[in-house]
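Welcome! Please take a look at the structure below before reading on.

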Amino acid sequence: MTILTAMTKYLNVSRQLRTAVVLGFLCIAVLSSCEKREIFHSIMPASVKLHSGDVVFRRGMSLTSHAVIAADAQGNYSHVGIVVDSAGKKMIVHAVPGEPDFDGDVDRVKMDEPEKFFSSEYASKGEVCRPTDGAMAAKAAQTALRLYNKRVLFDDDFDDSDTTKMYCTELIVYAFKQAGADISEGRRHKVDIPIIKADCILPSDIHSSRYLRTIIMFHK
């Protein structure tokens, strides 16, 4: 074998090796991309029939959700909403930060389909609780729908003495107070974490209410 022939074979092998390495990296990149593009779905069973006034809880995966869970030693959930009837369709009204409907959207009281509220993008587990008094539940739902229509802003100060803005649990407590019930029964938590420093209502303060009974619990 001549030196020229040997060098040619070496260069061919090197090219094949480089090609194999490049293809390998491309395959890894494609697989990683596919893994990241998770197809989100509702974790709430399709068989669940929601009623107006139902109080719905979810546990999120965001940093804010983890902070709420860390502050709420008695709780399993980081967020709460209330079911309303909107033109014959059951929707969920809730006050939430960081979930804009469009570019430039502000943090505010929102109304979402149950499938979005309980999407695996936002929730790892959930629960539906039903008020023991149907008339009270209906009145609370009407108040929540009114707050949504007023486009009430999210309360970043977590101050439930100021009802011009509202955070998630404050919204639920306010709606039921308008219906004649203190659903948190006066419970509050003193929270001192980077995102919240206040005496505020946490999800467990509502979840343990005598006015509610669990209908179903589910998870991702």
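Predicted model: local features only at pLDDT ≥ 70, side-chain atom pairs only at ≥ 80, totals over all residues.

Residues are numbered from 1 along each chain as its sequence is written, and side-chain values use heavy atoms, leaving out hydrogens and water.

The protein has 6 helices and 10 strands, taken as DSSP runs (helices H or I, at least four residues; strands E, at least two) numbered from the N terminus. Of its 220 residues, 42% count as buried, meaning under 20% relative accessible area, with exposed over 50% and partly exposed in between (1.4 Å probe, protein chains only).

Asp205 sits in helix H6 (residues 203–207). Asp205 is buried yet has no salt bridge (a side-chain nitrogen of Lys or Arg within 4 Å of a carboxyl oxygen of Asp or Glu). Its nearest side chain of opposite charge, Arg187, is 4.6 Å away; here Lys and Arg count as positive and Asp and Glu as negative, while His and the chain ends are not counted. Leaving aside residues up to four places away in sequence, Asp205 touches several residues, among them Ile183, Arg188 and Cys200, where contact means heavy atoms within 4.5 Å.

Arg151 lies in the loop between helix H4 (134–149) and strand S6 (153–154). Glu185 belongs to the loop between helix H5 (168–178) and strand S8 (189–193).
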